[in-house]
Each structure stands twice: as C-alpha cells, then as structure tokens.
Amino acid sequence: MAVPTPTAETRWRCTLCGNLTRFDVTRSTKAVEFVHLDLAGEPRVEERDVVSETIESVRCRWCNAVDQIELVDRPSTNASA
C-alpha cells in the first residue's frame with residue numbers, strides 16, 4: 001500500500017502516539033543519473049533525474065507503528081493574530 005506524500009500544506013502524523021517529526025521511510029525510486037568517473041575510476045553522480053518515486057511504507061520512529069500514519073494539515077505560518 002502506497003503512503004501519500006506530504007505537501008506544502010500537509011505533514012505526516014502517527015495516529016498511535018502523535019509523532020510529527022521522526023519517521024523511517026521506505027521508498028522505491030527510478031532515476032536516470034549522469035555518472036562521472038574520475039581518472040582513478042571513482043564515480044560521482046553529477047546529475048540525477050527522478051523518473052518515478054513511490055513511498056512504500058512509513059514507520060513511526062517513536063512507537064514503530066507502520067499502518068498508523070496519516071496526513072494532517074501543517075500549522076498556519078500566518079503571524080497575524
């Protein structure tokens with residue numbers, strides 16, 4: 001089951017313990033990379049284009065819950081009160 005990716009307006013929250021900041025994310029990425037090898041043969045990625053990316057699972061670092069992650073709204077950054 002794919003997990004939704006947070007947006008500029010949302011973030012992850014563990015429904016079990018309330019964690020908002022620490023998660024282990026397992027993702028599958030398909031990318032095209034331009035690899036430059038120096039004269040000694042050491043590779044260095046100079047360009048990377050992500051073709052597709054899927055978040056497979058998100059595990060809460062605090063309570064180890066896997067199927068308890070939801071998207072919630074981020075707090076308002078509007079300083080006017």
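Me: Which residues does T10 touch, not counting residues up to four places away in sequence?
Reply: This is a predicted model, in which local features need pLDDT of at least 70, side-chain atom pairs count only at pLDDT 80 or more, and totals for chains, interfaces and linings use all residues. Residues are numbered from 1 along each chain as its sequence is written, and side-chain values use heavy atoms, with hydrogens and water left out. With contact meaning heavy atoms within 4.5 Å, and leaving out residues up to four places away in sequence, T10 touches L71, V72, D73 and R74.

Me: Is T10 buried or exposed?
Reply: Buried means under 20% relative accessible area, exposed over 50%, and partly exposed in between, with a 1.4 Å probe and protein chains only. Because its relative accessibility is 14%, T10 counts as buried.

Me: Which residues form the aromatic pair?
Reply: Rings of Phe, Tyr and Trp (its six-membered ring) pair if their centres lie within 6.5 Å, and planes under 30 degrees apart count as stacked, over 60 as edge-to-face and the rest as tilted. The structure holds one such pair, with 5.8 Å centre to centre and 70° between the planes, so it is edge-to-face and is formed by W12 and F23.
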